[in-house]
Amino acid sequence: MSLEPTKHGKNIFESVSSDVNKHILSFLSVCDLAAVGRTHRNSYLMIKRRCLDSVHHIAWIDDNGFHIKPISSAERYRMDKNLWSMTTSDNKQIHSKEYLLESFINHSFDWAMFIRKQHRGVDLDETKGYWKMLPKDYYLINDLDIIKSLVLHKEVAPMLLNYVISEEENPFKDTITVNIHQIDSDKVNKYDISFWNGASPNQCNTFEIHDHQKNRTRFLMNFNSSPSDTYWHWYDNDSSRFKAYNLGPIVNAQIECSFQANLMYNFPLQLQKSGLFNNVNLTMLKREFVKKFSHTGNHNDKVFALRCGFDKKDDPNRTITTMEQLTITTYGFPRSIKRIRYLNGQYKNDFCHFTEDNFDLRMEKYRPFSKVKPRERSNAIH
């Protein structure tokens with residue numbers, strides 16, 4: 001589809017109704033929408049008007065941190081809005097500036113939470129837990145989506161991130177408090193965010209969040225659970241070849257999540273020095289394996305774990321060189337596994353070493369170049 005002006009001086013989006021525009025744009029990904037928005041000022045404003053439909057919350061800042069409350073569509077359209085900055089400013093408002101929070105919803109992305117659970121036994125001493133895949137109706141999902149929309153806001157992200165850092169440093173400046181006000185209620189859900197990896201909307205976003213309601217601190221990840229043209233394979237010793245996991249998408253999603261957690265741009269070394277996210281349990285693999293092969297015997301005592309091998313130890317620039325799935329009964333039996341991607345017409349093992357898939361700190365590319373120190377980040381999965 002061409003975005004060039006028509007003979008009437010308008011591009012194709014301006015020559016059709018707003019309803020047709022919305023229908024056309026509904027087929028585009030976050031990346032595609034951003035690309036369209038960069039073509040022309042009018043295209044950018046058109047994209048932002050569409051994004052305005054996804055705004056269901058506004059945020060503001062006071063001495064107690066960030067506050068977020070829901071707004072109705074009528075309230076949203078009555079506001080004096082700046083679509084360039086996605087903010088509101090009105091003398092009638094209590095707060096000098098409010099931030100319009102877009103819902104960055106990507107249906108191939110899911111939330112996962114790290115559950116600490118120490119195991120004892122052969123090959124299990126280093127296993128400290130597992131990544132729990134959160135269902136769409138999990139009680140925290142709504143608040144997590146709201147928190148993600150806050151930190152990704154184009155004016156909020158630069159407040160939170162340090163763009164001039166060395167590789168081993170955490171890009172997140174300092175802990176922030178987020179207060180989420182409930183609709184038609186005085187209840188406020190309070191969270192402290194002590195870490196965010198600063199990723200862009202289409203990349204893996206990771207957090208460390210303290211939930212005041214439960215008085216519990218958790219590591220969380222919002223990631224692409226089914227990346228396109230990506231397949232996990234395990235080595236079958238009997239046939240001497242690699243085979244695709246065929247126990248369902250939730251098994252592949254947990255493996256992908258466990259892999260992503262070991263990448264330095266998702267969780268920096270200071271959070272991984274104890275190997276917290278390595279040697280993790282694959283609970284979904286066990287569950288689905290027991291379901292499928294229960295007729296062949298009792299497999300309830302088996303434990304499945306994922307282990308990464310690195311080219312360097314305790315180095316902020318380390319990369320994953322090998323991955324193994326361990327099947328543990330009275331002893332541990334390792335199998336090599338591969339993350340196969342279809343790239344440039346070929347199937348290749350991809351542990352995210354490709355520099356063209358660079359990790360981008362949110363809004364970094366829009367910072368003045370004279371103030372930004374070059375960073376060597378690489379290989380984020382988009």
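Biologist: In the hairpin of S10 and S11, which residue takes a positive phi?
Modeller: That is Asn 215, with a phi near 50°, in a hairpin that has four residues between its two strands. Strands here are DSSP runs of E with at least two residues, helices are runs of H or I with at least four, and both are numbered from the N terminus. Please keep in mind that this is a predicted model, in which local features need pLDDT of at least 70 and side-chain atom pairs count only at pLDDT 80 or more, while totals for chains, interfaces and linings use all residues. Residues are numbered from 1 along each chain as its sequence is written, and side-chain values use heavy atoms, with hydrogens and water left out.

Biologist: OK, and how many bridges join S10 to S11?
Modeller: Seven bridges join them, and the two strands run antiparallel; strands are said to pair if DSSP finds at least two bridges between them. One example is Glu 208, whose bridge partner in S11 is Phe 219.

Biologist: Which strand is joined to S10 by five bridges?
Modeller: Strand S9, residues 188–196, is joined to S10 in that way, and this pair also runs antiparallel. Here Ile 193 has Ile 209 of S10 as its bridge partner.

Biologist: Why is S10 described as largely enclosed?
Modeller: Seven of the seven residues of S10, which spans 205–211, are buried, so the strand is largely enclosed by the rest of the structure. Buried means under 20% relative accessible area, exposed means over 50%, and partly exposed lies in between, using a 1.4 Å probe and protein chains only. Both faces are covered, with Asn 205, Phe 207, Ile 209 and Asp 211 buried on one side, and Thr 206, Glu 208 and His 210 buried on the other.

Biologist: Moving along to Asn 224, where does it sit, and is it buried or exposed?
Modeller: Asn 224 belongs to strand S11, residues 216–224, and counts as buried because its relative accessible area is 12%.

Biologist: What does its side chain touch?
Modeller: The side chain of Asn 224 makes a polar contact with the side chain of Ser 108, at 3.3 Å. A polar contact is a pair of N or O atoms within 3.5 Å; within protein, one atom must be able to donate a hydrogen and the other to accept it, and residues adjacent in sequence count only if both atoms are side-chain atoms. The side chain of Asn 224 also has a polar atom 3.2 Å from the backbone nitrogen of Ser 226.

Biologist: How do S12 and S13 pair?
Modeller: They pair in the antiparallel sense over four bridges, and His 233 has Ala 244 of S13 as its bridge partner. In their hairpin, with four residues between the strands, Ser 240 takes a positive phi near 55°.

Biologist: Changing topic, how many disulfides are there?
Modeller: A search of the whole structure finds zero, where a disulfide is a pair of cysteine sulfur atoms within 2.5 Å. For Cys 204, the nearest cysteine sulfur is that of Cys 257, 7.3 Å away. Cys 204 counts as buried because its relative accessibility is 5%, and Cys 308 counts as buried at 6%.

Biologist: What lines the second largest pocket?
Modeller: There are 19 lining residues, of which Trp 234, Phe 289, Phe 293, Gln 325 and Arg 335 lie nearest the centre. Elements giving two or more residues to the lining include strand S12 (230–236), strand S13 (241–244) and helix H9 (283–293), and H9 gives the largest share, four residues. On a 1 Å grid over the protein atoms alone, a pocket is an open set of points where a 1.4 Å probe fits, with protein on both sides within 12 Å along at least five of seven lines, and lining residues have an atom within 4 Å of a point.

Biologist: How much space lies in there?
Modeller: About 430 Å³, taking volume as the space filled by probe spheres set on the grid points, which are joined across faces, edges and corners.
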